[in-house]
Amino acid sequence: MAKKDEKSHKNAPLIGIDIGGTGIKGGIVDLKKGKLLGDRFRVPTPQPATPEAVAEAVALVVAELSARPEAPEAGSPVGVTFPGIIQHGVVHSAANVDKSWLDTDIDALLTARLGRPVEVINDADAAGLAEARYGAGEGVKGTVLVITLGTGIGSAFIFDGKLVPNAELGHLEVDGFDAETKASAVARERDGLSWDEYSVLLQRYFSHVEFLFSPELFIVGGGISKRADEYLPNLKLRTPIVPAVLRNEAGIVGAAVEIALQHKLTK
């Protein structure tokens with residue numbers, strides 16, 4: 001009986017929460033398909049985004065999702081993303097949220113507030129994990145690098161479908177500059193670059209990363225992945241490079257995948 005019960009918990013839906021600089025969004029994730037069951041639920045990120053205020057907002061999102069008919073069973077673990085470096089559940093950088101987060105044990109804070117197990121993962125890592133598992137990187141062996149072009153350059157390093165956490169490849173030095181100060185989507189807008197001009201910067205960046213890691217696949221995410229046909233065809237690389245497919249749901253899905261893997265609720 002125990003065996004059957006244990007099996008029924010494998011791949012059961014779980015809640016994923018994505019903490020961002022402007023919004024905190026969550027959903028109930030079908031781990032078999034990597035898709036949301038029902039709509040996302042979003043609340044604005046509190047200002048200032050202190051640990052206590054964010055914990056309250058996360059609790060509000062979890063309560064809303066938990067009241068739905070398709071909700072996971074009460075007390076099931078919750079996966080959460082955070083826009084900073086997370087090591088052993090502790091925050092080690094906080095660019096887009098309040099500085100009081102530094103050195104906060106976010107796993108312990110949210111576990112105590114929600115009264116159920118919580119694991120927190122870097123937001124780019126979560127999106128990359130989801131993309132490698134259910135998106136453009138599904139089934140690809142070896143090294144897959146998911147690079148998000150947005151306010152900065154986020155990155156996720158996946159090897160044989162498993163995450164190597166906290167790879168900050170946006171901070172590689174290219175031409176004497178921190179790459180994300182020149183090659184992020186925001187930098188393109190700030191500097192008024194055409195797509196052709198921007199492609200030159202991306203070429204330098206991706207060539208450098210390719211030389212360092214020799215990946216099997218590059219996946220490009222972030223808002224401008226919708227415009228991938230404006231710049232990806234201009235890049236000359238040995239490595240195939242494709243746009244991400246999960247878009248805005250990737251963080252939520254990846255958060256749920258990470259908690260499922262940590263608690264051995266999925267393979």
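N122 caps the N-terminal end of helix 4 (123-134), where one of its side-chain oxygens lies 3.0 Å from the backbone nitrogen of A124. A polar contact here is a pair of N or O atoms within 3.5 Å; within protein, one must be able to donate a hydrogen and the other to accept it, and residues adjacent in sequence count only if both atoms are side-chain atoms. Helices (H or I, at least four residues) and strands (E, at least two) are DSSP runs, numbered from the N terminus. The model is predicted: local features need pLDDT of at least 70 and side-chain atom pairs pLDDT 80 or more, while totals for chains, interfaces and linings use all residues. Residues are numbered from 1 along each chain as its sequence is written, and side-chain values use heavy atoms, with hydrogens and water left out.

Helix 4 has 12 residues that should span 16 Å at 1.5 Å a residue, and its end C-alpha atoms are 17 Å apart, which agrees. The expected span is 1.5 Å times one less than the number of residues. Of those 12 residues, 10 are buried, so helix 4 is largely enclosed by the rest of the structure. Buried means under 20% relative accessible area, exposed over 50%, and partly exposed in between (1.4 Å probe, protein chains only). Among the buried residues of helix 4 are D125, L129, E131 and Y134.

In the loop between helix 4 and strand 8 sits A136, partly exposed with a relative accessible area of 28%. The C-alpha atoms of A136 and A244 are separated by 6.0 Å, although the two residues are 108 apart along the chain. The domain assignment gives domain 1 (14-123 + 255-263) and domain 2 (136-244); such bounds come from an automatic or database domain assignment. The centres of the two domains, taken over C-alpha atoms, are 26 Å apart.

Both domains give residues to the lining of the largest pocket, so this pocket lies between them. On a 1 Å grid over the protein atoms alone, a pocket is an open set of points where a 1.4 Å probe fits, with protein on both sides within 12 Å along at least five of seven lines; lining residues have an atom within 4 Å of a point. The largest pocket holds about 1,400 Å³ of space. It is lined by 42 residues, and N96, D123, T148, G150 and T151 are the closest to its centre. Helix 4 gives the most to this lining, with 4 residues. The lining divides into 12 nonpolar, 21 polar and 9 charged residues.

The second largest pocket, with a volume of about 560 Å³, also takes lining residues from domain 1 and domain 2, so it too lies between them. Among its 29 lining residues, L129, G161, K162, L163 and L261 lie nearest its centre. Strand 5 (86-87), strand 7 (118-122), helix 4, strand 10 (162-164) and helix 8 each give two or more residues to this lining.

After helix 7 comes S214, whose phi is positive, near 45°.

T81, in strand 4 (residues 78-82), counts as buried at 0% relative accessibility. The side chain of T81 reaches the backbone nitrogen of I19 at 3.3 Å.

Notes. Points joined across faces, edges and corners; volume = space filled by probe spheres on them. Nonpolar A, V, L, I, M, F, W, Y, C, P; charged D, E, K, R; others polar.
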